[in-house]
Each structure stands twice: as structure tokens, then as C-alpha cells.
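Hi everyone, thanks for coming.

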Amino acid sequence: MTNTPSPTDATTYFENLVRAGQDATKQFNDALALAMAVHGEEKPSSAQFFPFALIADLQREYFKQLWRLWNSMFLQMFAGGAHSSVALAQGDKRFKDASWREQPYFDLLKQSYLLGSRQLHDFVDRAQVDDKTRLQLRFYARQFIDAMSPSNFPATNPEVIRKAIETRAASLTDGIRNLVDDLHKGRITRVDESAFEVGRNLATTPGAVIFENELIQLIQYAPQTSEVQKTPLLIVPPCINKYYLLDLGTGNSLVEYAVAQGHHVFLISWRSAIPETGHLTWDDYLEMGPLKAIDVVLEITGVERIHALGFCVGGTILSCAAAVLAARQQDKLATLTLLTTMLDFSDTGEIGLLIDQGSVALREATIGKGGILPGKELAFTFGTLRANDLIWRYVVDSYLKGATPDAFDLLYWDSDSVSLPGPMYCWYTRNTYLENNIKEPGKTTQCGVPIDLSKVEVPLYVLASREDHIVPWKAAYGSKDLIGIAARFVLAASGHVAGVINPPARNKRSHWLNDQLVSDPNSWLEKAEEKSGSWWPDWDAWMKRHSSGICPAPAQPGNARYQTIEPAPGRYVKQKSN
């Protein structure tokens, strides 16, 4: 039964949305003030940078460019002259409609906006600040620039105006209805959610839940071959997303592929945090997650060691769990595979700019000893990294044009967010993005033992994605020096998700290989060989080289102690946090 959100919920969401916008603006203003050496009433010392000359230069250049723009517009309209335009960024689709080029009014709006955007970027780039502050300024400036695009407003978007005329304003009415619906949901609808259902056309690889606790369900997948690899595989997905990114559907599933290649596959399905689990800590995620799952898999299969694969945050959790096993002198892993995983948080990309001492301290004060970080907050944070593609595009299509979202499995997964327990989230952000403690031997104590990643001495397979904006590939490359032995590094084309989910049958994209793992990632890439298609077969072959042979496939899931609880995908993955 569907619960209808109360008007109070919608009002609260709208107030939070407004407050978030005000906070973002204040952060940009504060950062800008710091960059320009403006500190309220405080007078800058003579040693501080005082940017009058810089501002004057920028303003002079801006007005020069503006004069050229007006002059070219005049020549174009009245004298048939050539039109000089400010170049769009690569991949910018906001101004693809012909009216932005052919109609002088909209062309002028676009050019003025792009010129102003360029000036703000130049202003930030020339600020006399440290590198991190400059990156923060760039990020907040981009948020402001993206939000102020003329394409985001009904009166200045020719497509919106044309649609309203064609539909006699029905598109605007539909857009308002979409906005009200999303206010009730507390998030932007980016996909036709009626087109998908977990267990029907997502997460469909046959299997059974054979163990569960308050944090995880453990799925054992049904073999598709008469014989399987004797060394089983445990997959640890990220706990900040639903696991079915790795099992999107027939022909688009890493889980399905691994099973079809004869691997005996188990997978952790994380539970989204609820009030009853809001007390769980990082140690709980290790003990109740991979450490418990490893023991269950070992008992069911009767082997001594297993393969373990972690993706994104799941890879970080798995690496720490492996270090706990090493500290306890427990030899339970045959290999370790890390997909787009970060262990050294020195270079965190843009997401690291959103995590600072103040934000972490605030979270620790509010939910650090118990509580929940809502999944929609995490989803919004990731959305800001590519605001034009993941936020404003859908604002325009849904609210201004009144369009119905498309059916896209990857967007459905991305919108199906997961909440986290406050204590776990606070420990994670402080010891990774803020202080970068995990990579330092003995710097953290986890599950009662000092953690040293270098003590994990098992063969290592590392995959990074070349255009990853969440885990920069060079940061992932550095994992070879922190954990494991006999490392193999593979660089996939595309981004954080598309680089990983690349079924061989589709013959898309490419990957790079180079057995010489030199210290400098750029030098590695210069001599790497590009291979067309998916990296999955390379990983499969590597896994089988480190396995202990084959054995008959099990006829039934589980064993006498761990029996089928329910069919895959299980209950936990179907629970909604948003």
C-alpha cells in the first residue's frame, strides 16, 4: 500500500531545498571572500593579496568581449556579417536547439551567459589561494553558473516556450504537476519508475538468500554449468547503493557473466539503514558484512580460501576486512579484486571538496552516536558533481516541458538510494576523505586490531575507469602499492559505472593493459596497450589462474545449517529509503 506524503513533508522538503541553496551560496561567498582576502570588517595586511588590479583587468577584458559580442550581433542582424561565438564546453547539450543559434534574442542570451561564465571561471582561476581552496571555488562557481543558465528558466528557453505554445500551456500544467509530485517524494524524478521492478526485470539472476542478519542478506547464485570453480567468489557491492548495478538484467550483468563462466558466486545485499540499525558502526559493517559472509561461504563450500571482489566503497570495506583477517592471522582469501576503489584518499576528485572539517564535525554532532544519513542526501551530493546532466536536465524536461521521464535501468538504480547509519558514515568520512588514515599502517584500529593494508598478501586485481569522477584512476592505480601482491592493473574506458558494467557481448568501449606496473601512472599509460571490448574476460582468466580447480556444481543452495530463506534478490534490496 502506497503512503501519501503529508503536506508537511512537502513543505519540509521545500524548506530544506531552499536552505541547501542558501548554504551553497553562502559557502561560495565565504570561499570567495577568503580567496579575495576580504574578512568582514577586518582590514587586510599589506602582505595579503588585494585584488583591485586583478578585478580591473578582468572587468576590462569582460567589457571588451561584451563589446565584441554586441558588435557581432549588430553586424549579423543588419549587415549580414559573420557571428563570433563563445565556445561551448565539450558535451554541453543545453543549447543544442537551433533557436539558440538562429534567433538573435536567444543567441544573445546564450552568448552573454557563456561570456559571464567564462569571466567567473577566470576570476576563480586567478585567485591567490592554495590549490584545494581554488578547487572548492571552482566547484561552487560551477554550481552557481549551472543554476543560472538561461536554459533553466521558462521565459528564456526557446524549447520551453515553443512547447507551451504547441500544447496551449498544457506542458506547463504538466510540469507543475510533476514538480508537486517530486516535492512529495523529496527528490527529482529522472526515470519512468513504473517500467522497472527489482526481481522482475532487475536483479534477475537465479539464486537464494541463505543467510541474513540485521545488516546484510547473503545470496548464493544457482550454477549454470555442470561444474564450477572450486574456489568460490564473494562479491561485496558498495553499501551506499543497491547491489543490482552488478545484476541489472539479462545480458547486462556481471553476476550473470561470472556464473555463466563457471564461478560459484555469492553476493552481499546491504540493508538500507532504518531507525533500528541507526547505531551501527564501521566495525559493525566489517564484522556483520564481509567477515561474516566469508565465514558462511567457507562453511557452505568446505574450502579453505575464497576469492573476494569489492566495488567502490564495497572495495574499501573489503580491503579493511582483509586487513582485519591479516591482523588476526586468518588466511581466508585466495585473491582480492578491487573495482574503482579508493584506499589512498590524497586525490579524491571533486567529491572530496564537499567534505571538510566543519561538515564532518556537524555530522558527528548530529548523527555520530546514532541516527541516519538519508539516502536522498547522498544522491543529491553525487548529483551536484554533474549538475547539468543529473539535476538541471531533468528540471527542464520534467518541470518546464512537462515531459514524462524515459525508462532507463541505470537511472532507476541511481535513483534507488540507500541510507546509512550515522556512526558508520561519520567514521568513514573522517578516516578517509578528511584525514586519509586507512592507508597508514597502524593509524586506525578496526574490529579491535591495528590495521595495516600491506599485511594483506594475496594476489590483487585492480580495475580503474579512465574518466571516473568519483575515484580518479590514478588514485586507484596507487592501491597496488598499499595492499596485495603480484598486482594486475587494468584501466577501463568511460566513467565510474560504465567502465565497470561493460558486457563482452556488446563489444563496446575498450581497456588498457600493461604488465609493467611502474610507479608513475602516466608512464604506465604511455606504454599500455589498448584492447577493444570488455575487461571481463581478462578478469575471468586471471581468476581461474588463481583458483584451485573445478568441482561438481552444488545441486542445492546452502547446507544443513544455512538453508534457503527466500529466493534472490531477497527483501533487503527491495526496501525503499526514498
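This is a predicted model: local features need pLDDT of at least 70, side-chain atom pairs count only at pLDDT 80 or more; totals for chains, interfaces and linings use all residues.

Okay, to find the residue, look at the loop between α5 and α6, where α6 covers 158-166. P150 is buried there, because its relative accessible area is 7%, and the cut-off for buried is under 20%. So what touches P150? Leaving out residues up to four places away in sequence, the list is F95, W100, L109, Y113, T156 and N157.

Now zoom out a bit. The protein has 578 residues, and 51% of them count as buried. You'll find 18 helices and 17 strands. If you take contacts between residues at least 6 apart in sequence, 80% join residues at least 24 apart.

How far can we trust the picture? The average pLDDT is 87, and 85% of the residues score at least 70. Over residues 1-7, though, pLDDT is below 50, and that stretch has one contact beyond near neighbours in sequence. Residues 78-82 also stay under 50, with five contacts beyond four places in sequence.

Next stop, helix α15, residues 422-434. This helix is mostly covered, with eleven of its 13 residues buried. Among them are P423, M424, Y425, C426 and R430. Which elements do those buried residues pack against? There are helices α9, α10, α11 and α12, plus strands β8 and β9. Just after α15, have a look at N436, which takes a positive phi of about 55°.

Last one: the second largest pocket. Its volume is about 310 Å³. The lining is made of 16 residues, and L135, T348, G349, G352 and L353 lie nearest the centre. Which helix gives the most to that lining? That's α5, residues 131-147, with five residues. By type, the lining splits into six nonpolar, five polar and five charged residues.

That's my tour, so over to you for questions.

Notes: Residues are numbered from 1 along each chain as its sequence is written. Side-chain values use heavy atoms; hydrogens and water are left out. On a 1 Å grid over the protein atoms alone, a cavity is a set of points where a 1.4 Å probe fits but cannot get out, and a pocket is an open set with protein on both sides within 12 Å along at least five of seven lines; lining residues have an atom within 4 Å of a point. Grid points are joined across faces, edges and corners, and a volume is the space filled by probe spheres set on the points. Helices (H or I, at least four residues) and strands (E, at least two) are DSSP runs, numbered from the N terminus. Ala, Val, Leu, Ile, Met, Phe, Trp, Tyr, Cys and Pro count as nonpolar, Asp, Glu, Lys and Arg as charged, and the others, Gly among them, as polar. pLDDT is the predictor's confidence in each residue, from 0 to 100. Contact means heavy atoms within 4.5 Å. Buried means under 20% relative accessible area, exposed over 50%, partly exposed in between (1.4 Å probe, protein chains only).
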